[in-house]
Amino acid sequence: MDKIRFYPLDITYKVINNKPVIHLFGKTADNKQVCVLYDDFEPYFYVIPKKGSDINNDLKNFETKRNDETISITKTETVKKRYLGNEIDAIKVFVKLPSHIPVLREELKNWNSIESINENDILFVRRFMIDNNIVPLTLYEAEGEFITQKLKVPAFKTKKIEPFESDTAIKPRILSFDIETYTPGYREIEPEKNPIIMIAFYAEDVAEENLQPGVSPKPFKKVFVWKRFKTNLDYVEFVESEAELIEKFKEVIGTYKPDILTGYFSDGFDLPYIKSRADKYKIKLDLGLDFSELKVKKGINVTAQITGITHLDIFKFIRKIMAGTLDTNQYNLNAVASEMLDEKKHDVDLDELSEAWDKEVESMDKFCEYNLNDARLSYKLAAKLMPTIREIVKITSLTIYDVNRMGFSQLVEWYLLKQAPQFNQIAPNKPSNDELIKRRAIRIKGAFVFEPKAGLYNNMVIFDYRSLYPTIIGSHNISPGTLNCSCCEGEAKSAPVENENIWFCEKRKGFIPTIIEDLITRRMRIKEIVKDQTDEKFAILDARQNTLKLLANSFYGYLGFYAARWYSLNSAEATTAYGRHYIKDVMNKAQNSGFRVIYGDTDSIMITLDEKTKEDAIKFSEKINQELPGLMELEFDGFYPSGIFVSAKMSDFGAKKRYALISENGVIIIKGFESVRRNTSLIAKETQEKVFEIILKEKDNEKAVQYVKRVVDDLRNKRVPLDKVIISIQLQKELSEYDARGPHVAVAQKLKNRGINVGPGSAIRFVVTMGNDIIRNRSKLPEEIKEHEYDSDYYINNQVIPSVERIFNVLGHTKQDLTEAKEQTKLEGFF
DNA sequence: GGCTCCCGGGG
DNA sequence: GTGTACGGGAGCC
């Protein structure tokens with residue numbers, strides 16, 4: 001018997017000799033790749049029989065056929081469980097193979113003696129991980145022996161896997177890559193038609209064995225191109241053909257042996273593109289450590305998976321998990337790298353790449369540099385986010401691959417599924433399709449917002465309830481399992497939900513409230529340790545407390561999320577209802593204590609001190625806290641010398657909160673302004689940016705008005721060049737498939753009539769020209785009109801003004817102020 | 001006002 | 001693979 005210690009990274013299973021064998025791909029403690037095999041885990045699910053019916057024998061004797069295979073139940077166990085607040089007898093039903101479970105479910109669901117079938121859709125590997133407490137990225141010890149298997153890494157067969165030390169850190173080997181493709185201007189990206197031109201690789205962690213004493217490791221940099229040109233870039237390597245380029249791609253991954261392969265939008269672009277090119281040349285992309293091929297799953301969410309190697313699409317992680325913590329509203333590599341790394345993409349016109357490629361222009365250096373830089377930025381982002389990813393992995397016990405592709409609701413659900421067995425809970429099922437449609441249609445009453453009066457304020461203090469919804473859920477025992485319990489009927493206090501009498505159990509703490517309070521207190525403990533520490537070694541703890549917070553904050557949304565297993569509309573309603581109660585309560589009390597309340601929203605209030613002092617405000621919050629239940633707490637968020645509120649009511653969709661504040665140390669904080677979308681003209685984008693700059697930095701409102709007026713005036717007098725009024729919209733399907741004919745569809749039809757090949761993906765650029773017709777009939781190709789033919793009024797009223805209108809409403813200017821002729825011109829008459 | 005469509009990321 | 005899932009804004013009808 002041998003013993004090895006290893007960190008699981010990617011876990012899968014295979015049926016070998018009619019037995020499911022778990023494969024745990026990972027790294028040994030001394031940094032070697034390994035695959036640990038375990039074949040002692042049996043698939044199972046739960047059956048909840050109707051009260052009074054004994055179906056154990058029926059189950060044991062049951063048999064069905066699928067093709068030629070006989071499917072039966074290998075054994076059953078009667079277990080005492082809790083299911084949505086009730087104690088029940090359930091039957092744990094074991095089968096031979098995971099794939100037998102859906103077959104049995106379909107058969108059993110027709111049995112009259114069965115109340116419900118549960119946990120029949122929990123993937124085998126996840127079930128194994130939950131039941132055996134496997135947490136990726138933490139150290140385990142396995143006992144067994146090395147055996148021969150058809151794998152690229154040594155295989156170790158074990159009967160026993162146990163946690164070793166949880167705190168040792170593994171440093172995964174990350175390799176980043178990026179491709180550039182041949183994409184002539186105007187056309188869509190077409191993997192079937194157009195080749196990959198180059199592939200860049202970048203990595204910084206160099207294998208221990210390659211390190212030389214005293215020499216600092218150089219990053220691994222490569223750009224492979226399949227046409228020759230003169231270059232001095234030492235990382236550029238030429239190959240003879242695109243097919244050879246793809247072979248190189250395989251070779252680098254094979255020799256570098258990354259634990260994590262990362263890219264930016266590589267789920268949706270790079271890997272599917274490489275796959276479709278490889279298919280064309282009949283090249284097998286057998287990158288998996290078990291020699292399996294790269295799996296590209298099409299559909300609404302394209303994913304690309306390699307067995308044994310974690311494919312991390314860092315874009316997906318950033319958009320799903322980090323979006324809320326970033327200022328940027330755009331998640332392209334340039335915007336994200338600018339904010340997170342303070343670095344930019346190289347400024348290169350990619351249309352020229354295809355031209356250069358066609359004409360075999362002397363040097364392609366700048367494109368190679370651009371390509372490598374993109375790979376480098378993705379690497380840096382992945383490296384920077386590793387602590388966060390690692391903590392989410394450790395808290396949820398999901399692999400990096402899975403965490404990467406989940407949103408908050410799924411993370412909450414998997415966290416609950418992981419906790420459920422420890423609390424002896426059987427998980428509720430996912431909703432049926434009909435149920436899903438019903439749930440989707442419902443909207444619940446949200447938070448209370450006390451709208452601020454637009455304008456300028458001084459000496460402001462902000463208070464907020466720390467983790468308001470999570471603490472409400474915990475303190476008021478809100479969950480589907482405690483909702484309207486029979487044990488407290490008529491005795492428990494009603495939740496403040498309007499027009500409904502609902503209550504939550506006051507005798508027994510529910511599953512979800514217990515879990516959420518655990519998350520909150522764990523976070524509080526860590527925060528206490530991290531407090532005021534700036535040392536590097538506290539970064540991990542900081543990432544951990546942040547993850548705990550994000551997770552706890554997602555529970556409310558989860559309870560009201562239509563696809564949730566523990567969905568409970570009443571619980572979600574009660575949470576916001578209590579939220580409204582508490583925020584209104586603190587507003588009243590602030591007013592009664594002599595503060596002026598200027599703004600309140602969900603969990604925070606803003607007051608002005610006027611004659612009172614900061615100390616008075618702090619004393620006030622202390623008094624509030626004495627009366628709050630459980631873990632609820634009102635915090636002093638900060639003091640702000642001044643700020644501007646922007647009128648929020650523009651759209652009918654819930655009031656957005658828009659304001660700008662200046663903190664005591666002069667930092668400007670802007671909240672709530674949406675980005676300008678791609679399908680708006682450049683002139684609208686530019687104007688909004690400039691207005692922000694003038695108002696916030698130069699504090700010169702009049703100058704901002706004048707600036708917009710000048711733009712409006714320039715538009716009226718056609719001084720704005722044509723390229724700033726072009727709107728670009730992509731075709732999503734074939735022209736014939738369109739029912740609604742938007743402007744871009746009309747323009748595309750004209751192109752088609754002229755014999756130009758337009759189809760899905762074609763970016764249709766158009767300019768709205770003058771006239772009284774509807775917009776699509778006035779939309780023309782930029783090429784077919786003259787500089788001055790665009791419709792100034794359209795660009796003023798539908799593009800530029802909407803982008804700045806809200807800002808100016810605050811400053812007391814109407815739309816007319818911005819659009820009427822420039823003041824100077826009017827005044828000129830007086831002098 | 002509802003319905004339908006587009007967008008994102010990537011070259 | 002014991003499947004697995006967007007969400008918000010704009011313009012037509």
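I looked first for salt bridges (a side-chain nitrogen of Lys or Arg within 4 Å of a carboxyl oxygen of Asp or Glu) between domain 1 and domain 2, and the count is 0. I note that this is a predicted model, in which local features need pLDDT of at least 70 and side-chain atom pairs count only at pLDDT 80 or more, while totals for chains, interfaces and linings use all residues. Residues are numbered from 1 along each chain as its sequence is written, chains are lettered from A and ligands numbered from 1 in the order in which they are written, and side-chain values use heavy atoms, with hydrogens and water left out.

I then looked up the bounds, which come from an automatic or database domain assignment: in chain A, domain 1 covers 2-39 + 136-163 and domain 2 covers 44-131. Their centres, taken over C-alpha atoms, are 29 Å apart. Contact, meaning heavy atoms within 4.5 Å, involves 12 residues of domain 1 and 7 residues of domain 2.

For the buried area (the accessible area, with a 1.4 Å probe, that two parts lose on being put together, summed over both) I find about 850 Å² between domain 1 and domain 2, with 85% of it on carbon and sulfur atoms. On the domain 1 side, the elements giving two or more residues are β1 (2-16) and β2 (19-28), where strands are DSSP runs (E, at least two residues) and helices are such runs of H or I with at least four, numbered from the N terminus. The residues on that side divide into 9 nonpolar, 2 polar and 1 charged, with Ala, Val, Leu, Ile, Met, Phe, Trp, Tyr, Cys and Pro counted as nonpolar, Asp, Glu, Lys and Arg as charged, and the others, Gly among them, as polar.

Next I turned to DNA strand C, which is surrounded by 23 residues, the closest being Y13, P98, N120, F124 and K430; near here requires a heavy atom within 4 Å. By class, this surface has 11 nonpolar, 2 polar and 10 charged residues, and α2 (100-108) and α3 (124-131) each supply at least two of its residues.

Last, I checked K14, which forms a salt bridge with D290, the closest N and O atoms being 2.5 Å apart. K14 is in strand β1 and D290 in the loop between α5 (266-280) and β16 (295-297), 276 residues apart.
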